[in-house]
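Thanks, everyone. I will take a few minutes to go through one model, helix by helix and then contact by contact. Here it is.

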Amino acid sequence: MPKTIASTSPLVQVPSPPADGGRPPVRRWTLMLFRAVVTGEAVLALGQAVLAGSFLSGHYAALDLHALNATATGLTAVAQAVAALLLWRPGGGPGWPLLASLALFGAEAGQIAMGYGRVLAVHVPLGVAIIACTVLMLVRAWRPTAAWTPSPRTESAGAAEGSTSEEGSA
């Protein structure tokens, strides 16, 4: 039952915490925004590999498209970090997507620098790592919604309540 707080302003309804004692679920709009941006980032990153392969196959115009797509991928990584920030703070989600998105942006900035510098010994393996991490982020972003809300057990790691009978079923 919501509590009523009296003040000089009109009465404010404050929702009571969930019955199970955990955090409220993640706001759906922030999760959907994050999922959309991560999906776009993954498509662009996979497109980078296709364009690089096309260039190596002798389609030299693909190199210009590869450079253009690198810019789009970097800008989308910035949008992904913003979406992750919204997922975390007003959305009530975890903070790891923001840290991962910032790390991805840093890796992509280095990737772009290595590409223009023609340092292919770094550019190619870093590109593979970026695609692998982006696909991993995509998979994690599309987990079921219930997985985005921490259980009381994960929030109170080490507490006596969660360390007994639930361990065998986890």
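Tyr60 is exposed, with a relative accessible area of 60%. The cut-offs are as follows: buried means under 20% relative accessible area, exposed means over 50%, and partly exposed lies in between, with a 1.4 Å probe and protein chains only. Before going on, note that this is a predicted model, in which local features need pLDDT of at least 70 and side-chain atom pairs count only at pLDDT 80 or more, while totals for chains, interfaces and linings use all residues. Residues are numbered from 1 along each chain as its sequence is written, and side-chain values use heavy atoms, with hydrogens and water left out.

Back to Tyr60. A search of the whole structure finds 1 aromatic pair. Its members are Phe55 and Tyr60, with ring centres 5.7 Å apart and planes at 75 degrees, so the pair is edge-to-face. The rule is that rings of Phe, Tyr and Trp (its six-membered ring) pair if their centres lie within 6.5 Å; planes under 30 degrees apart are stacked, over 60 edge-to-face, and the rest tilted. Phe55 counts as partly exposed, at 25% relative accessibility.

Two arginines sit over tryptophan rings. The charged end of Arg89 is 4.1 Å from the ring centre of Trp88, and Arg140 lies over the face of Trp96 at 4.7 Å from the ring centre. The criterion is NZ of Lys or CZ of Arg within 6 Å of the ring centre and within 35 degrees of the ring normal.

Next, the core. The largest nonpolar core has 13 residues, and Val26, Leu31, Phe34, Val38, Leu87 and Trp148 touch the most other members. Two or more residues each come from helix H1 (28-56), helix H2 (62-88) and helix H4 (120-141). Such a core is a set of buried Ala, Val, Leu, Ile, Met, Phe, Trp, Tyr and Cys residues joined through side-chain atoms within 4.5 Å. Helices (H or I, at least four residues) and strands (E, at least two) are DSSP runs, numbered from the N terminus.

Leaving aside neighbours within four places in sequence, Val38 is in contact (heavy atoms within 4.5 Å) with Gln80, Met137, Leu138 and Ala141. His66, in helix H2, is buried at 14% relative accessible area.

Now H4. Its buried residues are His123, Gly127, Ile130, Thr134, Met137 and Ala141. They cover an arc of only 95 degrees around the axis, which puts them on the same side of H4. The arc is that of the directions from the helix axis to the C-beta atoms. These buried residues pack against H1, H2 and H3, while Ala121, Val128, Leu136 and Val139 are exposed on the other side.

How far does H3 reach from its first C-alpha to its last? With 21 residues, H3 reaches 30 Å, close to the 30 Å expected at 1.5 Å a residue; the expected span is 1.5 Å times one less than the number of residues. Its buried residues, including Leu98, Leu104 and Glu108, fall within an arc of 140 degrees, so they line one face of the helix. The face turned away carries exposed Leu99 and Ala103.

Last, Arg118, in the loop between helix H3 (96-116) and H4. Its phi is positive, near 60 degrees. Most residues other than glycine have a negative phi. Arg118 counts as exposed, at 56% relative accessibility.
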